[in-house]
Structures are given as C-alpha cells and as structure tokens.
Amino acid sequence: MSKKPILLNAFNMNCVGHINHGLWTHPRDTSADYRKLSYWTDLAKLLERGLFDGLFIADIVGVYDVYQQSADLTLRESIQLPVNDPLMLVSAMAGVTEHLGFGLTVNLTYEAPYLFARRFSTLDHLTDGRVGWNIVTGYLDSAARAMGLREQIAHDERYDRADEFLDVLYQLWEGSWEDDAVLRDRAARVFARPDKVHRIRHHGRYYDVEGYHLSEPSPQRTPVLFQAGSSARGQTFAGQHAECVFLSGQSQSATRDQVAQFRQAAVQAGRRADDVKVFMGITVVVDKTEKLAREKLAEYQHYASAEAGLAHFSAGSGVDYSTYALDDPLRAVKTNAIESSIRRATGGDTQFTVRRLLDQLALGGRYATIVGDPQQVADALQQWMDVTDIDGFNLARTVTPESYADFIDLVVPELQNRGVYKTAYALGTLRRKLFGTDRLPDAHPGAQRRRQPAQELVGHP
C-alpha cells in the first residue's frame, strides 16, 4: 500500500441526530447535550488530541417532511431537528484549541453576500485563519417555503446564483482592502489608508452590491472552500471554486470515477488536478479485536433506526419512499432535490428496493462502514485511498463521543506507525496546513479579484 498521507475531518452537526440515526437513544451517547457549550469545547479538545485536520459541521435550512408527507418521524427521532446554527460554536472551540480547523456549512441561497462576507472574515480573524466554508445551495422545499418562496429555485439555477454569489464574495474578500491598507499608526493617527480601501460595484443578474468590505483582511481572506454537490452542474461548480470536495461513496469503483470527474473539472477550469482535496464520508466501528468490534456494531444496530435513515434519504431525493412496498424497485423520479441521491439508488447494475435500502441503513445511515480491529480498519482506509485517489475522510459519528475517542485511541496510532498520518500539526492557517499557502492560488477565480494598483473592481457576471 502507498504512503499517501490521510487527511481527516470529524463530521458532525449542531443537532442530535446527524447521519447514523437513532443512536441518540444509546445509553453512552451524549448528542442530546448538543445545546451545551461544553459538549462542543470538549469535542474540539478531543479532536485536536487526535490531530484531526478539522471539524466539518453540516447544516440544513428547513425540515425533513417528505417521508409520509409529515415531520412526525423527523421530530420523534430527531432527524436533524432541532438544529442550531453552526457558526455560533466556532469561537468557543477555537478558544480551547490551537490547530483544529472548522468547515462550516451555510446555504447561500438564503444569504446576502455583503453581510455573509463579514461573518466569515470575523471568524477567520478569531480563529487565526482556521475556517472553511462548505458551499451549499439547498435542496429542501420546506426551506423554500419557510424563507418566503412558493417553491425551491430550480437545481441548475441555484448553481448559477452561487457562481455570482461567489464572485461578489471574492471582490469583497480579495479586492476591497489591499494587503498594505492597515497601518495601525498611532503617532500619525492613521489606522487604515483610504487610498488602499476600495468600494466594490457589482450589478449582476441576481445581486446588486456597492460598498466597502466591512472587515480588514483576515489571515486567509477567503476561507477554505468546501463543496459537496456531485451532479453534473455541481461538479462544474466544484471544478471552478472548490478546494475541498466531500462525497459519499458506496463502492470503490464508483468513487474512483467520481474523484476523477472532480479533478478533471478542476483542470477544465484552468486549475491543477491536485488543487482539489477529496474527502469521503465514512463510518468506523473499531475495538481492540475484530470480535469486540462486531459485538459493538451489533450493539449499535440495536439502537439505530433504519426507518429514520430512510426518512432522511427521502428528503434528500425528494421522493416519499413510505408509499413504496418493501420489494418495489426504486424508480428514477425527476425532482428538485439532490440529483446524486436518486442516481445512486436507481442507477448501476443492481436494482435497489426499499428492503435493500433499509438493509443498508442498519446503522441508521448509508455511508460505507468499516468494522474491525485497528489493523483491519487501517488496511481498509488505506485501500480506499489507494483505489479511489481520495485524500482523506469525513468520519461520521455513531455513539458520541465514543466513536471519535475509539478512533483516536486505536486507529490513529496504527496509522501513525504506518507513516500515513501526521504525528504533529503543521503551523499556520487551515489552507496552509492543507495546501502550503495562506491565500488562494493564482489559478483560482477568487485570486483574479485581487486588486492591482489603480484598479477598480466592477462585477459584470
């Protein structure tokens, strides 16, 4: 096996039930304490002990009400409801850590770019440059209705809006303040040079913005950009903007093809294939022996809810699978939700049924699951890396914080002994840790918005 270093994020959400549903009922699980600050600061300290690159925090706007055309099961099982704001957590977690990065999901469809830019610049300052943004455009009709729309904006148009939203942000983050604008000169009574701070003027199809960026330049200026869309339009968007891509892989061959498509999309956008780091969602159940790990898996499955997982999948695909009989084949239905969810369930050589889907959801979620002793888990992780060309994993939680602690205490030392996982953090910002530089590379479209001398930024998408 190769010695390609493994990058690792913990995958979590500011809620009770995230990916592997039902496990909040396990007697050792503490996820119901998500609303307590200590839950998050303790988690951050644990992950930094394990040298995790980041904590990737998912989020949704809206509720899962497709399954049974109701939010009843969603509420009973706490399927990402209630859910609190992820950005509110970061300052406290940054205060008890020095290196851990934070990937934060925010749906841009319901945001104003001008104030959004300030929120992330503020967090970039307060964390010394350890924040990333997971760019999402939404997929829930319930969110559109809650935000005053009759229906959700069409799938591809959401990405068209996102392209323009990003362009406005690049102008604010990269071009409004020059690098040497801030003097902090007490004697001369000059904090910032007026000739070095510039108003952007953007008049586009979706956004009209005129103004100065409200924050002085932060360590990264633009946060590290994550993206998770794997539709054709989503891949094009990722090739243009994303620095880190998050995907859900069920098979190694399909994941390998998907990784190649993302890298090719970056090349077609004028970037390098390795300008994109690809993370795959994974669930790990580990113990000192395989027998103990299998017993732990059976214990977890006793508390997990496959039906809650099916309700989550229904929301993602926009199809109410409660109307299907157990052995009905899943049909490809055109919806305005996550195109890749439907494609994964209805494409390929094997015909999915609801029964087969529920079998796959035995642990409450659909991520590939690795079960075994530390050596077996490390072997499996390395194999995924070698076969698929991914760069690392987003480790989903099962029983919290037990699953993270088990991985840190058992798997991390094994990976370190093999020379595929760091033994200490590199210094610097999140982007420097991942890519060796604090700022966007020159080939990235955001870098094109950096101000040249005597240049005024005007956005015409």
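Modeller: UniProt positions are given here in the numbering of this chain, and annotations of this kind may be inferred rather than shown by experiment. The model itself is predicted. According to UniProt, in an unreviewed entry, the feature "binding site" falls at Asp59, Thr105, His155, Tyr159, Ser230 and Ser231. Of these residues, Asp59 and Thr105 are included in the lining of the second largest pocket.

Let us consider His155. This residue belongs to helix H6, which covers residues 155-175. With a relative accessible area of 8%, His155 counts as buried, because the term applies to values under 20%. The side chain of His155 is also joined to that of Asp156 by a polar contact of 2.8 Å.

Ser231 sits in a loop, between strand E9 (224-227) and helix H7 (232-241). Its relative accessible area is 3%, so Ser231 is buried.

The side chains of Thr105 and Asn134 make a polar contact of 2.9 Å. Asn134 is part of strand E4, residues 131-136. Asn134 is buried, since its relative accessible area is 4%. When neighbours within four places in sequence are left aside, Asn134 is in contact with Phe56, Leu104, Thr105, Val106, Phe226, Gln227 and Ala228.

Definitions and conventions: Residues numbered from 1 in each chain as written. Predicted model: local features only at pLDDT ≥ 70, side-chain atom pairs only at ≥ 80, totals over all residues. Heavy atoms only, no water. 1 Å grid on protein atoms, 1.4 Å probe; cavity = no way out; pocket = protein on both sides within 12 Å on 5 of 7 lines; lining within 4 Å. Helix = DSSP H or I, 4+ residues; strand = E, 2+ residues; numbered from the N terminus. Buried < 20%, exposed > 50% of the residue type's maximum accessible area, 1.4 Å probe, protein only. Polar contact = N/O pair within 3.5 Å; in protein donor to acceptor, adjacent residues only side chain to side chain. Contact = heavy atoms within 4.5 Å.
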